[in-house]
Amino acid sequence: MSDYSVTLSTTEPNNYVGLIKLRQGDVASQSIQATITANGQLFNFDHLAVFFNAVLPNGYVVRDKVTNVDYANSKLNYVVADSFLQEVAQVTAWFSFENDEKIIDSTKNFQYSVIGGWKECIPQGNYIYELSEIQREIEEIIGNKDFTSLISKISSLESNLKTRIDDLENETTAQLAQKVGNGKLASMADMGQDVKTAMTGGSVAVVGENTVIEKNVVDKQITPRKTSFLEQDSDNVLDPDFKKLYNCTYSNGIVESNVMSASQPFYII
């Protein structure tokens, strides 16, 4: 069994505990034995409940009650549960002293390192209830014949679960709204080139007569190469032969009258 003996203060700005290495998967074989001080003296936390707390690198908070407490000598011994070993990383931890779930005081933070073992722990939720913790609390409730705390915890769990379900539902709904389906029709713009090729078998799509309308043409896609009608030869209205050809009069380049037929083609460059 790996035991780490440390001295933790509730008043000093930092707790230097040396290197604490806890291995994943080593169940009930790694403990932190702490002596608690305040202003250089033993800290009196008589009859207060003691909890071990940690913030994992992913931001999850885990805590567990410490049952092995020596109040007379301000010492405690906590066997580290799996919940505190979820990630192979350096973890920030502290002990808190509480009365009816109200924190009276706590030690300053200290660090421990989690190293990989024979199994990898599965990341869990924001607050972890170990089976041993649930069993202990049930036994305490039965012994005290007071079910108030149990009802309160159940209500809190229901509220947290409902919040998480609602958040997940909203996130899923938002993601589905961005996808094709659910009332949104797919267009060619939603399809990749590989899909378009597969649909046509790699061939050129056949377009029926009088089926292409203006709104079907993408902006700036009609290039001069595809507009041969712009290359028609035209007559120069300033050419004297134009007057003879079309029997019209003009002055300073302006056609004043003409007797061109309605069907006569007329091009101007």
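Is Phe-43 buried or exposed? Phe-43 is buried, with a relative accessible area of 12%, because the cut-off for a buried residue is under 20%. The structure discussed here is a predicted model.

## Overall architecture

The protein chain contains 4 helices and 13 strands. Of its 269 residues, 25% are buried. The accessible surface amounts to about 19,100 Å², and carbon and sulfur atoms account for 52% of that area.

Among contacts between residues at least 6 apart in sequence, 64% join residues at least 24 apart.

## The largest nonpolar core

In soluble globular proteins, nonpolar side chains tend to be buried together. The largest nonpolar core in this model has 32 residues. The members that touch the most other members are Phe-52, Leu-76, Phe-84, Phe-95, Phe-97, Phe-110 and Tyr-112. Several strands give two or more residues to this core, including β1 (2-9), β5 (49-55), β8 (75-79) and β9 (90-99).

Leu-76 illustrates how such a member is surrounded. Apart from its neighbours within four places in sequence, Leu-76 is in contact with Ile-32, Gln-33, Ala-34, Ile-36, Val-50, Val-66, Asn-68, Val-69, Phe-95 and Phe-97.

## Val-79 in strand β8

Val-79 lies in strand β8. With a relative accessible area of 34%, Val-79 is partly exposed. Beyond its neighbours within four places in sequence, the contacts of Val-79 are Met-1, Ala-28, Ser-29, Gln-30 and Ser-31. One of these residues, Ala-28, is 51 residues from Val-79 in sequence, yet their C-alpha atoms are 5.9 Å apart in space.

The whole structure holds 11 aromatic pairs. In one of them, Phe-43 and Phe-45 are stacked, with 6.0 Å from centre to centre and 25 degrees between the planes. Phe-45 is buried, as its relative accessible area is 1%. Tyr-78 and Phe-84 instead form an edge-to-face pair, with 6.0 Å between centres and 80 degrees between the planes. Tyr-78 is buried at 3% relative accessibility, and Phe-84 is buried at 1%.

Tyr-78 and Phe-84 also belong to one aromatic cluster, together with Phe-52, Phe-95, Phe-110 and Tyr-112.

Technical notes:
Residues are numbered from 1 along each chain as its sequence is written. This is a predicted model: local features need pLDDT of at least 70, side-chain atom pairs count only at pLDDT 80 or more; totals for chains, interfaces and linings use all residues. Side-chain values use heavy atoms; hydrogens and water are left out. Buried means under 20% relative accessible area, exposed over 50%, partly exposed in between (1.4 Å probe, protein chains only). Contact means heavy atoms within 4.5 Å. Accessible areas come from the Shrake-Rupley method with a 1.4 Å probe; for residues, only the protein chains shown count as cover. A nonpolar core is a set of buried Ala, Val, Leu, Ile, Met, Phe, Trp, Tyr and Cys residues joined through side-chain atoms within 4.5 Å. Rings of Phe, Tyr and Trp (its six-membered ring) pair if their centres lie within 6.5 Å; planes under 30 degrees apart count as stacked, over 60 as edge-to-face and the rest as tilted.
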